[in-house]
Amino acid sequence: MQLSLELFVETPEISLDFYQRVLGFEVQGSASAEYTMLKNGDAVIAINSRSVLSSDHPLRVETGGRAGLGVEIVLRVADVEGAYRTAKNSGWPVSDLALQPWGMHDFRVVDPDGYYIRVTSRHSS
């Protein structure tokens with residue numbers, strides 16, 4: 001089984017910039033204002049425009065509303081320190097890099113539409 005995420009966003013261009021510049025994803029195929037697939041290692045995220053959703057679609061979020069409430073997207077990486085440097089150097093607000101009591105090293109970031117993301121790896125001594 002593999003998992004892919006499809007995120008419905010207000011402004012795809014802003015989200016595409018975020019996922020590429022802050023988290024190192026690369027566009028697969030061609031970018032579109034309505035649907036673009038991004039990949040980083042085995043992680044696949046598709047960015048979709050909210051405008052394609054019908055007005056009664058259960059994923060529809062009102063303009064200004066926070067998407068993804070109640071969901072934490074966890075990205076496991078081999079080099080969390082490198083991922084942190086990339087995210088920090090992008091200028092986007094990120095949490096501090098922290099060693100968690102459960103043995104993982106991670107940082108947190110919220111994307112332009114409010115999706116909460118934890119970037120993590122097992123701490124090496």
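Okay, so let's start with a network of salt bridges that links Glu72, Asp106, Arg108 and Arg118. A salt bridge here is a side-chain nitrogen of Lys or Arg within 4 Å of a carboxyl oxygen of Asp or Glu. In one of these links, the side chains of Arg108 and Glu72 meet at 3.6 Å, N to O. Arg108 sits in strand 7 and Glu72 in strand 5, so this pair ties together parts that are 36 residues apart in sequence. Strands are DSSP runs of E with at least two residues, helices are runs of H or I with at least four, and both are numbered from the N terminus. Glu72 counts as partly exposed, at 34% relative accessibility. For that scale, buried is under 20% relative accessible area, exposed is over 50%, and partly exposed is in between, with a 1.4 Å probe and protein chains only.

Quick word on where this comes from: it's a predicted model, where local features need pLDDT of at least 70 and side-chain atom pairs count only at pLDDT 80 or more, while totals for chains, interfaces and linings use all residues. Residues are numbered from 1 along each chain as its sequence is written, and side-chain values use heavy atoms, with hydrogens and water left out.

How many salt bridges does a search of the whole structure find? Six. One of them joins Asp113 and Arg50, with the closest N and O atoms 2.9 Å apart. Asp113 is in the loop between strand 7 and strand 8, Arg50 is in the loop between strand 4 and strand 5, and they're 63 residues apart. Are they buried or exposed? Asp113 is buried at 9%, and Arg50 is buried too, at 6%.

Now take Arg21 and Asp17, whose side chains form a salt bridge at 3.0 Å, N to O. These two are four residues apart in helix 1, so about one helical turn separates them. Arg21 is partly exposed at 33%, and so is Asp17 at 35%.

On to the rings. The structure has four aromatic pairs; rings of Phe, Tyr and Trp (its six-membered ring) pair if their centres lie within 6.5 Å, and planes under 30 degrees apart are stacked, over 60 edge-to-face, the rest tilted. Phe18 and Trp92 are edge-to-face, because their planes are at 65°, with the centres 5.0 Å apart. Phe18 is in helix 1 and Trp92 in the loop between helix 2 and strand 6, so the pair ties together parts 74 residues apart in sequence. Phe18 is buried at 1%, whereas Trp92 is partly exposed at 23%. Ring pairs also link Phe18, Tyr19, Phe25 and Trp92 into a cluster.

Phe25 turns up again in the largest pocket, among the residues nearest its centre. A pocket, on a 1 Å grid over the protein atoms alone, is an open set of points where a 1.4 Å probe fits, with protein on both sides within 12 Å along at least five of seven lines; lining residues have an atom within 4 Å of a point. This one holds about 520 Å³ of space, and 28 residues line it. Which strand gives the most to that lining? Strand 5, with five residues.

The second largest pocket holds about 210 Å³. Its lining takes its largest share, four residues, from strand 1.

Conventions: Points joined across faces, edges and corners; volume = space filled by probe spheres on them.
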